[in-house]
Amino acid sequence: MGTLLPTSTSEVRENLEKANNSLQIDQQQKDVDAGALFVLKSKGSWKHCGYHLTTSIVAPPLLSLPYAFTLLGWTAGIFCLVIGALVTFYSYNLLSLVLERQAKLGNRQLRFRDMARDILGPRWGRYFVGPIQFAVCYGAVVACNLLGGQCMKAIYLLSNPNGSMKLYEFVIIFGCFMLILAQIPSFHSLRHINLVSLVLCLLYSACAVVGSIYIGNSSKGPEKDYSLKGDTENKLFGIFNALSIIATTYGNGIIPEIQATLAPPVKGKMFKGLSVCYAVVTVTFFSVAISGYWAFGNQSEGLILSNFVDNGNPLVPKWFIYMTNIFTIVQLSAVGVVYLQPTNEVLEQTFGDPKSPQFSNRNVIPRLISRSLAITISTIIAAMLPFFGDINSLIGAFGFMPLDFVLPVIFFNLTFKPSKRSPIFWLNVTIAVVFSTLGAIAAIAAVRQIALDAKNYQLFANV
């Protein structure tokens with residue numbers, strides 16, 4: 001007879017670490033608030049983490065990358081796309097290492113604002129990081145509502161060119177769909193939906209690439225012109241608008257919340273999840289940006305799918321446009337629900353009771369009411385302010401730049417305290433300074449663009 005015992009010291013250490021981490025989580029959950037207990041359940045694997053990350057990063061805003069290239073040109077466009085990939089992959093891994101370090105010290109941080117509070121001080125978490133993250137994530141929910149409505153309207157007009165339905169009606173229809181998905185109880189519960197989302201982003205990106213190449217090789221496409229449009233001032237501000245779009249496309253803003261869904265021990269799991277995510281990022285971002293800009297040049301629209309129709313005439317088969325838009329609409333619903341999670345966590349922290357079961361009337365009724373209100377408000381905002389491109393730029397400059405490019409390197413330097421003579425210290429300082437400056441200028445450029453477009457703004461406009 002034999003007993004199953006660990007065969008090495010490393011296995012013993014690993015088993016002890018798992019036991020200690022489990023006890024730690026159990027102890028934390030005794031005193032934890034309802035938002036962390038019910039929304040940020042720590043049950044996922046690295047694969048689930050990869051699904052969450054992919055849904056939060058590889059989203060329909062990537063279809064605006066050819067437009068960003070119209071403001072940058074070939075060389076600068078590809079360079080910025082590469083830098084964005086390298087810096088965000090690096091920053092997200094630094095953020096993960098900081099979270100792992102804190103967990104090892106017995107202080108597992110579940111939220112971005114928790115990190116800011118513990119590393120920078122309570123005021124930073126409460127008055128800077130918390131509000132910015134909430135605005136960015138809720139703004140992403142609004143943008144998903146709007147883009148979903150635009151895709152639905154595109155399908156409608158293609159099948160019924162003289163139809164009388166307005167954009168805000170489609171935004172409301174999409175909002176009703178989101179209203180149902182918003183009731184999914186926890187972030188971890190989204191893992192299967194986000195696996196489907198991963199497949200969908202590959203499908204509509206492939207459709208965008210195939211459609212662009214088809215039109216670019218046919219006589220139906222526009223004459224290719226890759227020159228930058230506008231005078232010197234417009235070109236300069238256009239560069240910073242493009243940087244905001246690219247930052248938004250690579251943006252995440254919820255890395256700590258995604259890592260919080262991992263079952264302990266968390267060591268190494270986030271890197272695997274990020275590797276899955278960035279494999280998809282590399283395939284989709286570069287193929288869509290390059291093929292779209294190659295096919296349409298400086299006439300690329302804010303959403304490349306708009307280039308597939310010219311004055312109501314489809315340049316590719318109708319069924320192809322229907323299929324592409326349907327893939328996009330379905331994935332948008334998953335993206336919107338993912339970015340709703342920080343809002344859900346705040347709402348449950350406020351109205352939930354951690355001492356009562358998650359599915360008791362005491363928690364279900366407040367959850368149903370608060371989440372329904374959150375989706376209703378985002379739908380109304382999207383219907384009232386249908387200007388996706390401008391919103392996209394402002395979100396990137398205002399939120400994603402500090403959350404995804406600046407704060408991770410600052411957190412790493414303050415947590416690990418690398419020597420001031422080490423390359424990593426100065427690399428992090430350089431990233432923080434450069435992207436802080438770019439973020440400030442890009443915010444000014446985004447506000448300027450909104451001011452220029454203000455004459456075309458109209459509440460509930462049918463754009």
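In the predicted model, Lys417 is located in the loop that joins α14 (388–416) to α15 (423–453). Its phi is near 50°, a positive value in a residue that is not glycine. With a relative accessibility of 63%, Lys417 is classed as exposed, because the threshold for that class is over 50%. A positive phi, near 55°, is also found at Gly297, which follows α11. A further backbone feature is the cis peptide bond from Pro264 to Pro265, with omega near -5°. Pro265 belongs to the loop between α10 and α11.

The largest nonpolar core comprises 127 residues, of which Leu63, Tyr250, Phe285 and Phe411 touch the most other members. Helix α6 (residues 122–159) supplies the largest share of this core, with 16 residues. Phe411 has a relative accessibility of 0% and therefore counts as buried. Apart from neighbours within four places in sequence, its contacts are Leu95, Val98, Phe112, Met115, Ala116, Ile119 and Leu120.

The structure contains 17 aromatic pairs. In one of them, the ring centres of Trp74 and Tyr293 are 4.8 Å apart and the planes meet at 65°, so the arrangement is edge-to-face. Trp74 is in helix α4 and Tyr293 in helix α11; the pair therefore ties together parts separated by 219 residues in sequence. Trp74 is partly exposed, at a relative accessible area of 28%, whereas Tyr293 is buried, at 0%. The pair formed by Phe112 and Phe411 is tilted, because its planes lie at 55°, with ring centres 6.2 Å apart. Here Phe112 comes from helix α5 (residues 112–120) and Phe411 from helix α14, so the pair ties together parts 299 residues apart in sequence. Phe112 counts as buried, with 0% relative accessibility. Trp74 and Tyr293 also belong to one aromatic cluster together with Phe69 and Tyr226.

Helix α3 (residues 46–57) consists of 12 residues, and the distance from its first C-alpha to its last is 16 Å, close to the expected 16 Å at 1.5 Å a residue. This helix is mostly covered, 10 of its 12 residues being buried. Among the buried residues are His48, Cys49, Gly50, Tyr51 and His52. The buried part of α3 packs against α4 (65–104), α8 (191–217), α9 (232–250), α10 (255–260), α11 (269–296) and α12 (318–351).

Ser56 is situated in α3 and is buried, with a relative accessible area of 2%. The side chain of Ser56 reaches the backbone oxygen of Leu53 at 2.9 Å. Excluding residues up to four places away in sequence, Ser56 touches Gly251, Asn252, Ile254, Ile258, Val338 and Tyr339.

For α11, the 28 residues should span 40 Å at 1.5 Å a residue, and the end C-alpha atoms are 40 Å apart, in agreement with that expectation. A kink of about 40° is present in α12 at Gln341, shortly before the proline Pro342. Because 24 of its 34 residues are buried, α12 is largely enclosed by the rest of the structure.

Terms used
Residues are numbered from 1 along each chain as its sequence is written. This is a predicted model: local features need pLDDT of at least 70, side-chain atom pairs count only at pLDDT 80 or more; totals for chains, interfaces and linings use all residues. Side-chain values use heavy atoms; hydrogens and water are left out. A nonpolar core is a set of buried Ala, Val, Leu, Ile, Met, Phe, Trp, Tyr and Cys residues joined through side-chain atoms within 4.5 Å. Buried means under 20% relative accessible area, exposed over 50%, partly exposed in between (1.4 Å probe, protein chains only). Helices (H or I, at least four residues) and strands (E, at least two) are DSSP runs, numbered from the N terminus. Contact means heavy atoms within 4.5 Å. The expected span of a helix is 1.5 Å times one less than its number of residues. The bend at a residue is the angle between axes fitted to the seven residues ending there and the seven starting there. A polar contact is a pair of N or O atoms within 3.5 Å; within protein, one must be able to donate a hydrogen and the other to accept it, and residues adjacent in sequence count only if both atoms are side-chain atoms. Rings of Phe, Tyr and Trp (its six-membered ring) pair if their centres lie within 6.5 Å; planes under 30 degrees apart count as stacked, over 60 as edge-to-face and the rest as tilted.
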